[in-house]
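Here are some notes to read alongside the model. Take them one at a time, and find each spot on screen before moving on.

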Amino acid sequence: MSGSWERELDAAARELDRADTLAFGGVGLAGQILPATEAYRTLEQGLREHPEAARKRVDRLLRKGSPAGRAYAATLLEAVDPAVGRDAWARLRGDDGEFTTFSGCLMGRATLGEYAADRLAAADSS
């Protein structure tokens with residue numbers, strides 16, 4: 001029987017699977033936390049508390065999620081294992097799927113490939 005944490009991880013993975021926006025903090029003037037951001041945080045916590053179960057969901061999301069969902073998955077992998085995260089970003093570099101990005105009040109658009117290339121460049125410069 002599934003525990004409540006497993007249901008929470010499943011719900012978070014489903015939310016990111018259909019996400020069309022990438023935001024890691026509050027967005028807009030009100031600083032609203034998007035459902036996808038909450039789902040990301042749930043999986044982030046799951047990777048700490050239930051690493052094997054959460055990792056399966058993140059790996060699936062990386063393979064089959066929306067473009068924003070795959071970006072969230074690669075970010076999660078990068079946080080727990082930088083080498084695995086780098087490999088994920090490298091595989092995503094050629095993807096032309098688009099999503100909306102938010103950084104505070106600033107909204108933008110990016111392809112997954114562009115976003116992945118930026119993440120790889122940032123990793124190379126650090």
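1. Start at glutamate 98: its bridge partner in β3 is threonine 111. This is a predicted model, so please keep that in mind as you read on. The two strands concerned are β2, residues 98-103, and β3, residues 106-111, and they pair in the antiparallel sense over six bridges.

2. Now follow the chain from β2 into β3. The two strands form a hairpin, and two residues lie between them. Look for glycine 104 in that turn, where phi is positive, at about 65°.

3. On to another pairing of β2. Strand β1, residues 21-22, pairs with β2 in the parallel sense, over two bridges. Here threonine 21 has threonine 100 of β2 as its bridge partner.

4. Next, the helices. Helix α3 covers residues 51-64, which makes 14 residues. From its first C-alpha to its last it reaches 20 Å, close to the 20 Å expected at 1.5 Å a residue.

5. Which residues of α3 are buried? They are Ala53, Ala54, Arg57, Val58, Leu61 and Leu62. As a reminder, an α-helix has 3.6 residues a turn, so residues three or four places apart point the same way.

6. Finally, look at α4 and α5 as a pair. They pack at an angle of about 155°, and their axes are 5 Å apart. The two helices are therefore roughly antiparallel to each other. On the α4 side, the contact is made by Arg70, Ala71, Ala74, Thr75, Leu77, Glu78 and Val80. From α5 come Pro82, Val84, Gly85, Ala88, Trp89 and Leu92. Sorted by type, the residues of this contact are nine nonpolar, two polar and two charged.

Key
Residues numbered from 1 in each chain as written. Predicted model: local features only at pLDDT ≥ 70, side-chain atom pairs only at ≥ 80, totals over all residues. Heavy atoms only, no water. Pairing = 2+ DSSP bridges. Helix = DSSP H or I, 4+ residues; strand = E, 2+ residues; numbered from the N terminus. Expected span 1.5 Å × (residues − 1). Buried < 20%, exposed > 50% of the residue type's maximum accessible area, 1.4 Å probe, protein only. Axes fitted to C-alpha atoms, helices over the stretch in contact; angles between N-to-C directions. Parallel < 35°, antiparallel > 145°, perpendicular 65-115°, else oblique. Contact = heavy atoms within 4.5 Å. Nonpolar A, V, L, I, M, F, W, Y, C, P; charged D, E, K, R; others polar.
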